[in-house]
Amino acid sequence: MISPKPSLKTLTPYVPGRSLESVLKDTGVSALVKLASNESLWGPSPLAVDAAQHAVASGLTFYPQSDPESLYNTLARIHHLHPDQVIAGNGADELLELIALTYAGEGDDIIYPAPSFSAYRHGALMTGARGIAAELTPEGAVDLQDVLRRLTPETRIIFLCSPNNPTGGIIRQDEWDQFLARVPDSVLVAVDQAYFEFATDPLYAHTDQAIASGKPVIMLRTLSKIYALAGLRIGWAAAPSGIIRTLKTARQPFSVNSVALAAAQAALDDQHYIRQVLTETAAARDYMAAQWQARGYQFWTSHANFITVDLRSPARNWAGQLERAGFITRPGDSFGLPRHLRITVAPIPILEKFFAAFDSLSSG
Ligand SMILES: Cc1ncc(COP(=O)(O)O)c(C=O)c1O
């Protein structure tokens, strides 16, 4: 009888936001809006779509570049890094797993926040390391004091998430600086910044300085959120060049396909479009927050492109009714928050329809 390694016995499949196809199949409703996985409903830059089409038309016969130099140069230029400090991956997801597999194994500890993105626990289980969950603050940010309390001599990796999914809280610069001074250099601190672009609060902790000073810090970014290229699967990470060299040795050579590389390059070159999307997303987030507040529901102040609200009764029931009304949302069960619903921020006209639909529901 074949069985997986013992650490995988408690692994359960990832619970994604429901797809348009599966909700259409269940409900028969075809005019569906997906607000379940925090993709940007503003869509990608038209230049990125053109670049993807051009890449397909130019031919799909050959392997993509393993080390996409021009993409690394672009990322380095925009983010004030050295190209040697950058690695691209098949979504931030691939890089999160790669980090875990490269730097931890059986007998090690990996600390991550909870409730948070499930990839950190998944990575720990994949490696056979012990996963240790740290708490959030009441504001829905990772509680760095709690992380420090959970450090052991076996700790190899700390995963942090800022803004945190699903709460939207951020790590502040002062907390980050104090925290980093207390983490030993034998521990890799991986900060998932998938929602970085939406976090415009001046207190938001930036990790670039730590990377420039050679600290074992790695930051992860994605083109799945504000850049709206989730379907192509591309993300990237930055760290001191020694860490990046190690990760490049351990990774699969061709995980990022040529269409994604072309689209990412064009999307990054169109920062004017991203600034416009950010302005509109921030206004729509304020609108959504005001709507929940007016209805008397509690929610965490979000620095990302979603808001998670406490509906005071099983969110799964609300989500089911909303699907029949044409909106796919994300109930918080898989985050251990069964009364909470996470809703992606969308253009205000869509949100107006969403709240009209919500108001017409009986109750959870
Ligand atoms: C915090 C966080 N990190 C990473 C990801 C995945 O990013 P990617 O699509 O680049 O794999 C997500 C997607 O929801 C996320 O919420």
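**Close-up 1. Helix 2 and helix 10 cross with right-handed geometry.** The model is predicted. Helix 2 covers residues 46-58 and helix 10 covers residues 258-269. Their axes lie 8 Å apart, at an angle of about 150°. Angles over 145 degrees count as roughly antiparallel, so helix 2 is roughly antiparallel to helix 10.

**Close-up 2. Residues in the contact of helix 2 with helix 10.** From helix 2 come Leu47, Ala48, Asp50, Ala51, Ala52, His54, Ala55 and Val56. Helix 10 supplies Ser258, Val259, Ala262, Ala263, Gln265, Ala266, Ala267 and Asp269. By class, this contact has 11 nonpolar, 3 polar and 2 charged residues.

**Close-up 3. Helix 4 and helix 5 are oblique to each other.** The axes of helix 4 and helix 5 (residues 119-127) come within 9 Å. They cross at roughly 40°. The crossing is right-handed. On helix 4, the residues in contact are Asp93, Leu96, Glu97, Ala100 and Leu101. They meet Ala119, Tyr120, Gly123, Ala124, Met126 and Thr127 of helix 5. The class count for this contact is 7 nonpolar, 2 polar and 2 charged residues.

**Close-up 4. The shell around the ligand has 14 residues.** Gly91, Asp93, Thr222, Ser224 and Gly235 come nearest to the ligand. Helix 4 (residues 91-103) gives the most to this shell, with 3 residues. By class, the shell has 5 nonpolar, 7 polar and 2 charged residues.

Notes. Residues are numbered from 1 along each chain as its sequence is written. This is a predicted model: local features need pLDDT of at least 70, side-chain atom pairs count only at pLDDT 80 or more; totals for chains, interfaces and linings use all residues. A residue is near a molecule or strand if its C-beta atom, placed from the backbone, lies within 6 Å of it. Helices (H or I, at least four residues) and strands (E, at least two) are DSSP runs, numbered from the N terminus. Ala, Val, Leu, Ile, Met, Phe, Trp, Tyr, Cys and Pro count as nonpolar, Asp, Glu, Lys and Arg as charged, and the others, Gly among them, as polar. Axes are lines fitted to C-alpha atoms, for helices over the stretch in contact, and angles run from 0 to 180 degrees between N-to-C directions. Angles under 35 degrees count as roughly parallel, over 145 as roughly antiparallel, 65 to 115 as roughly perpendicular and the rest as oblique. A crossing is left-handed if the near helix is turned anticlockwise from the far one by less than a right angle, and right-handed if clockwise. Two residues are in contact if their C-beta atoms, placed from the backbone, lie within 7 Å.
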